[in-house]
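Dear colleague,

I am handing over the structure below, and after it you will find a short account of what was found. Please read the two side by side.

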Amino acid sequence: MPNAFDLKSTKRKLLLPLQRLASGWWRRQSPARQDRFATLGPLVSVLLFLTAIVLAFWYLRNEEIERESEAVKRDTEIAQQQIRVRLIENQEQLMRIAREIVTRAVDTHDFSAQAKGFARERPEVTHVTWINARRETRASVSGAGFQDDSLMRSDGNDPSMPVANQSNPPELAFQSAKERRQPVYSQVFSDYNGTAVFQVQVPLIDRSGFSGVLIAEYSVEALLRYYVPSEVAARHSMAVFDSSDQLVASSVTQMPGKRNKRPSILHEAPLAPAMNGLVLRGEGYRTSIGLISNTLFWMVVALSTLTVWMLFGTWRHMRRRLQIQTALTSETNFRRAMENSMLTGMRALDMESRISYVNPAFCAMTGYSEAELIGRKPPFPFWPPDRLEENARLLQQEIHGRSPAGGVEVKIMRKDGSTFDGRMYVSPLVDTKGKQTGWMTSMTNITEAKRVRDQLSASHERFTTVLEGLDAAVSVLSVQQGELLFANRSYRLWFGADPAGHALLSGSQLGRSSGPDVDEEVDDYSGLPAQHLSDAGTAPREVFVESLEMWFDVRTRYLQWTDGRLAQMLIATDITTRRRAEEQAALQAEKAQMTSRLMTMGEMASSVAHELNQPLTAITNYCNGMVSRVRNDAIQKDDLLAALEKTAKQAQRAGQIIHRIRNFVKRSEPKREAAQAHDIVEDAVELAGIELRRRNVAIHTYVAQRLPQLMVDPILIEQVLMNLLKNAAEAIDNAGLPASRRHIELRVIPKHTPELGGHIDFSVTDMGPGMPEEVISRMYEAFFSTKSDGLGIGLGLCRSIVESHKGRIRAENLYNGAAIVGCRFAFSIPVDISRLDPTTPTPVAGPGGPTAASVVTNQISTP
C-alpha cells in the first residue's frame, strides 16, 4: 500500500507541468496586464463569494415557499373534500325525497315533514322547496325547519324563484335540470335577504315526463363556517370566489374600509360536485423575510461592496498611471498631426518678433519652407515690397495688443511673386506658468470669400432694383420686435415707413412679446416653432384699406432674415379695379335675373290672363245668379251662404295666383336662407302649371322624403326650375308631339358622389325632340338662342345662379338606340345629407285638371 510520501511526490509530478505552463504565461504578459490580472483576481473571488451568499438565501427562501404552498394545497383539498362530501350526501337525500314525490309516496304535508327534518340537520340549507313544471310552489320549508309561506313567491320579487323568460341563475338551473334530467347546481346569487347562495335543483321525472324540481338552497358563508375544519381555518384563510373572480364568502372577516393584502400563496379547487363557477381558494403568506429585509445579507453585501470598491480604486490608480504615461506620447503625436492637417496657417513670434514656429499650412500658403522662415525677423520674405511700411505698422499693433478682435486684412506675397488676400488673427502666447512668451498668429486665405462677397453685393443691388420697380407693395417685418426690415417704393408710397401698414394688411399684431423670458425657439406671433413657420406659407386674402379706399390681394410668408431673426414677408397687389369690375358684374347679373323673371311672366301673360279669367268668370256667374234669385225672392239662406262661400273660394284662388306671380317677379336682394326643396318645387310647379296647361303638357313630380335643408335663395332656385320647365314645355309644344309624349318629369333626390360630395339633385326630363350636339356645346353662351325671338340669357343665367350656390348644371339627350327620345336638364346643390329633416313632407303632385300630374316613384304616369 503506497504511503503518504509517495502520494505527495506523485501529486507534485502531476502539478509541475501546470505550474510551468502558468508561470510561462505570466512572464509573457506585460507589466500593465500583470497589474490588471493581479487586481481582477481578488475582485472575482469577492464577487463569487457574494454570489454564493445570494444563492444560499434564495434557496432557503424557495424551500420555505414550497413548504407553505404544499400546506395551503393540503388544507384547501381537506376543506374541499369536507364540503363536497356534505353536498353529495345532501344531494343523495334530496334525490331520495324526489323519488318519493314522483312515485306519489308523499304529498305536500309529508314532504314538509321530511324537508323539516332535512333542513334542521343541515344549517347550511336556507330552504327546501318543491315546485312543479309551471314554476308554481307546491311546498317550501325554511332553514329553521318550519313552513314559510313567504318563501319562493311567484310574484317575481323573489330572486330564488325561477321565472320564465328571464336569465337569472335559478331559471338557468331550472332549464338545465329540465333538459339534462339530472341534478344541477346554479351559479351564486343574492337571495331576498342579500345572502350569497346557490341552489341544487333535482328534477322530478314521472311517467308523463318532467313534472318539476326539488330545490335546496345553500348559504355559501354557512358552508365555510360549518364544514371547514377549525384547525384548517386557524392555519390558512379559506375563501369562495365566483366565476368573475369576485369574493363571495371568506373564513376571515375583512376590516371595514381596509383592503386586505393580496396573499402570496394561492391554491384553488372547485367547490360544488358539478361545476357552477364557484371556486374554493386557500390563501397563505410567507413567514420568512426576503433578501431585502435580511440584515445578515446586507452586512455581507456591504463588506463585499467595500472590498470591491477598494480593489477597483487600486486598479483605477494603477490604470491612471499607465494612461498618463501613454497620454504624454499620444498628446505630442496628436498635436503634431493636428497642426499638419490644419488648413489655417499658424505662425508664432517670440518677444523679439522672431518667427519661432510655422505649420505646414502656413508654408503651403506662402510657398516658403519651414527652414526658410524659422528665425527670420521683420521684414519677412512674404511681405510685398510695396507694403513694407503698412505691414510693419500692423506688426507693431500686434505686439502692443491693439490688433482688432475681428482680425486685419493683409496682402501676402508668395515665393513665386503672386499675391493673395489674407485675414490674420493675433493672440498672446502664454506658457503653463502664465507668462507671455510671444504671439500666435493664424492666417486664412480670403481671396475667394472676398470675390463671393463682392458678387453678393452686386446681386443684392440688382435684386433691390427689381423690387423697387414692382407695382406691388413688398415689405418684411420682424416677428418678435415688430421692426420694418424692408419696404419697396410702392409700400412707402402707400404706407410710408410705418410698420402698421404691414400689420393692417396681414391682419395680425406682430412683435407683441419682447420680455427677457420669451423663448427664442418660439414665434411670439403664432406660438409655433420658427422653423415650421418658415417652411409654410399662408393662403392669399383680400384686404380693403379704408384710408386709401383700395383693395389689395395679400400674400404672406415667414422666412429667416439675414441675421437669423424670424420675419414675415408680405406682397400686396392693388386689385381695386378688379373688385369694382366684379361688383359691377354682380349688379348686372342681378338685373339679368330680374329681367329673366319679367320676361318669363311676359311670355306667360296670356296663360296667366286665362288662368285668372276662370275664377273671375266664376265669381261673375255666382254674383249674377245670386242677384237674380234674390230679386225673385227664390233663394234660401243656406243656398245664399253656399254661393257666397264658392265665390270667396274663387276669389281666394285668383288672389293666390297673383300672390305667387308677385313674389316671383318682386325685386329683392339675393339672400341665402334655410329652405325646403319641397316648398321651392311646389311654388315653381304652381307657376309653371299655368303655362303647361295652356300647352297641354303634363308634369309628374317626385320629391324624396326626409331631404336635408338647403342654404339657398329660394326665388333664384325657383327661377332656374321655371326656366327649365318652360323650355321643356315649349320644346314639346313646338314639336307638335302626340299626347303620349307630352309630359315632363321633375325629380328631386339626394345623392353623394366622390367628386361633389353630398348634394340634392334636381332633374327635368321631357319626351321632346332633344337638342343637337352643337347646341348643347354652346347653349350656355351669352346671347345664343335657338328661338327666333329669344335673347339668349336664360340658360346662361341658370348656370350662373347654380354655380353661385357652388352647384353644377348639366344637359344630355336621351336615346333609344340611335333615336333621340327626350332631353334631361339637371342641376345639383351641395348639402350635408347626414342632416335629414324628419318633418319633410311627402312628394307633391302637379296641378289638377285634364293634364294633372300624379306622384310617381318607379314609373312616369301619362297624362
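**Strands, a sheet and side chains**

Strand S18 (residues 541-545) pairs with strand S19 (residues 550-560) in the antiparallel sense, over 5 bridges; here helices (H or I, at least four residues) and strands (E, at least two) are DSSP runs numbered from the N terminus, and two strands pair if DSSP finds at least two bridges between them. Please keep in mind that this is a predicted model, in which local features need pLDDT of at least 70 and side-chain atom pairs count only at pLDDT 80 or more, while totals for chains, interfaces and linings use all residues. Residues are numbered from 1 along each chain as its sequence is written, and side-chain values use heavy atoms, with hydrogens and water left out.

Within this pairing, valine 543 has phenylalanine 552 in S19 as its bridge partner. S18 and S19 form a hairpin with 4 residues between them, and glutamate 549 in the turn has a positive phi of about 55 degrees. S19 is also joined to strand S20 (residues 566-574) by 9 bridges, the two running antiparallel, and aspartate 553 has threonine 573 in S20 as its bridge partner. These two strands, S19 and S20, likewise form a hairpin, with 5 residues between them and with glycine 564 in the turn at a positive phi of about 95 degrees.

Elsewhere there is an open sheet of 5 strands in the order S12-S11-S15-S14-S13, with antiparallel pairing. Its edge strands, each pairing on one side only, are S12 (355-358) and S13 (408-413). Neighbouring strands of this sheet are turned by 35 degrees against each other on average, direction ignored, where axes are lines fitted to C-alpha atoms, for helices over the stretch in contact, and angles run from 0 to 180 degrees between N-to-C directions. Helix H11 (residues 447-468) packs on the sheet and touches S13, S14 (419-430) and S15 (436-445), its direction making about 120 degrees with that of S14; contact means heavy atoms within 4.5 Å.

As for aromatic side chains, the structure holds 12 aromatic pairs (rings of Phe, Tyr and Trp, the last by its six-membered ring, with centres within 6.5 Å; planes under 30 degrees apart count as stacked, over 60 as edge-to-face and the rest as tilted). One of them is the tilted pair of tyrosine 185 and phenylalanine 198, at 6.2 Å centre to centre and 40 degrees between the planes. Tyrosine 185 lies in strand S3 (residues 184-185) and phenylalanine 198 in strand S5 (residues 196-206), so the pair ties together parts that are 13 residues apart in sequence.
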